[in-house]
Amino acid sequence: MTFERFTIQPGYIEVIQKPKDQQKALETMTKESAKVTAGQVAVFGQPRLKYKAIFNGRTATDKHHCWFTGAVILKNGSMLLADRNNNKLKLFSGELSLLLEVDVGGAPFDVALMDTGEMAVTVTKERRVRFVEPYTLSWSSHSIDTDQYCVGIDYQDSRLFVLCESSFKSVRCIKVYDHMKIFLKKIRISDSMTEPIRGYLKVAPSSGLLYFVRNEFIGGNFVCCSDESGKILHSTKLQFRDESPALAILSDLLIAGLASGLVSVYSTDKTERFVLQSIDKTVPPCAISVDQGQQLAIVTQASRYINSYKNNFVQLLSIPHTHKSW
């Protein structure tokens with residue numbers, strides 16, 4: 001393993017791990033970084049997210065390039081990724097080596113770690129939430145039938161929140177279950193346009209407010225904040241409308257992945273703080289996850305329109321302790 005260090009202003013890529021099979025990705029990153037201007041990297045002040053490493057998530061048994069639509073960083077530093085294109089869950093160590101992988105039997109979309117120790121996995125076309133032990137990837141015999149295509153998922157305050165897509169018979173909604181997987185309620189969301197492939201959901205741990213993406217045919221994409229009655233409290237219009245972003249909560253900040261390889265950070269009062277250039281600006285971020293200690297973030301990249309080797313690479317970003325003062 002070798003290392004390379006280089007700088008872009010005002011943000012910088014700190015350490016890039018460079019095994020031979022990542023040479024193409026690193027060359028692309030170096031080339032694109034040379035083109036980045038200060039205005040592209042930061043909107044307000046210097047970014048505090050710093051690139052730490054990239055790794056290739058494609059394994060020897062994969063038949064296709066990856067599409068990592070879900071990611072979670074576990075307590076021991078290992079990372080669980082949902083590979084929608086290969087119908088797998090993959091467990092990587094904190095040192096970026098593959099530990100285990102398991103066939104889901106369908107295309108997984110998103111993952112959420114429960115305080116019961118189980119990992120909840122949405123399997124969209126099966127209209128089902130399945131449960132797996134994250135360190136052994138052994139499946140539970142229990143599951144939840146959502147009756148609608150299920151996509152984004154989050155777990156807060158002993159409750160599981162599942163974003164369900166609309167159909168001719170059902171409207172888009174958020175279904176809430178307790179830690180015993182018992183249905184509690186449905187939160188209805190009114191959309192003027194639906195997003196059938198991607199749709200992420202995050203629940204703010206301090207306030208309990210819900211964040212999700214709303215798609216409007218004319219107006220574009222918005223990150224919406226609502227209470228548990230479904231009432232929209234405020235919306236933030238995104239810069240791009242061709243992709244629905246992944247979402248992650250960092251303290252009182254909301255991280256959103258955008259098109260053109262950008263990661264944007266908003267305060268929860270909808271003010272954009274800064275934009276950070278991703279590895280390759282031709283491929284949008286897909287899944288985003290922050291660890292429980294809020295020291296590390298995962299950003300995967302994939303486009304629904306482009307199926308290439310670029311989708312295999314996963315980015316790790318370090319988060320300094322000073323992020324609460326951003």
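Accessible areas here come from the Shrake-Rupley method with a 1.4 Å probe, and for residues only the protein chains shown count as cover. By that method, the protein chain exposes about 14000 Å². Carbon and sulfur atoms supply 52% of this area.

This is a predicted model: local features need pLDDT of at least 70, side-chain atom pairs count only at pLDDT 80 or more, and totals for chains, interfaces and linings use all residues. Residues are numbered from 1 along each chain as its sequence is written, and side-chain values use heavy atoms, with hydrogens and water left out.

Start with the whole chain. Its secondary structure comes to 2 helices and 26 strands. Helices (H or I, at least four residues) and strands (E, at least two) are DSSP runs, numbered from the N terminus. Of the 326 residues, 55% count as buried. Buried means under 20% relative accessible area, exposed means over 50%, and partly exposed lies in between (1.4 Å probe, protein chains only). Contact means heavy atoms within 4.5 Å. Among contacts between residues at least 6 apart in sequence, 47% join residues at least 24 apart.

Now look for empty space. Rolling a probe the size of a water molecule over the atoms shows where such space is left. The search uses a 1 Å grid over the protein atoms alone; a pocket is an open set of points with protein on both sides within 12 Å along at least five of seven lines, whereas a cavity is a set where a 1.4 Å probe fits but cannot get out. Grid points are joined across faces, edges and corners, and a volume is the space filled by probe spheres set on the points. The largest pocket has a volume of about 690 Å³. It is lined by 28 residues, and the closest to its centre are Leu113, Tyr155, Gln156, Val290 and Gln292. A lining residue has an atom within 4 Å of a point. Among the elements that give two or more residues to this lining are strand E4 (68-73) and strand E24 (285-290).

Next, visit strand E24, where Ser289 is found. Ser289 is buried because its relative accessible area is 8%. Its side chain reaches the backbone oxygen of Ala71 at 3.3 Å. That is a polar contact: a pair of N or O atoms within 3.5 Å, where within protein one must be able to donate a hydrogen and the other to accept it, and residues adjacent in sequence count only if both atoms are side-chain atoms. Leaving aside neighbours within four places in sequence, Ser289 also touches residues including Val72 and Ile298.

Thr300 lies in strand E25 (residues 296-301). It counts as buried because its relative accessibility is 0%. A polar atom of its side chain lies 2.7 Å from the backbone oxygen of Phe68.

Where does Asn307 sit? Asn307 is in the loop between E25 and strand E26 (313-318). Asn307 is exposed, since its relative accessible area is 51%. Leaving aside neighbours within four places in sequence, Asn307 is in contact with His65 and Asn85.

Lys50 and Ser318 are 268 residues apart along the chain, yet their C-alpha atoms are separated by 5.3 Å.

Finally, check the backbone. Most residues other than glycine have a negative phi. Leu96 has a positive phi of about 75 degrees, and phi of Leu137 is near 55 degrees. Leu96 is in the loop between strand E6 (88-92) and strand E7 (98-103).
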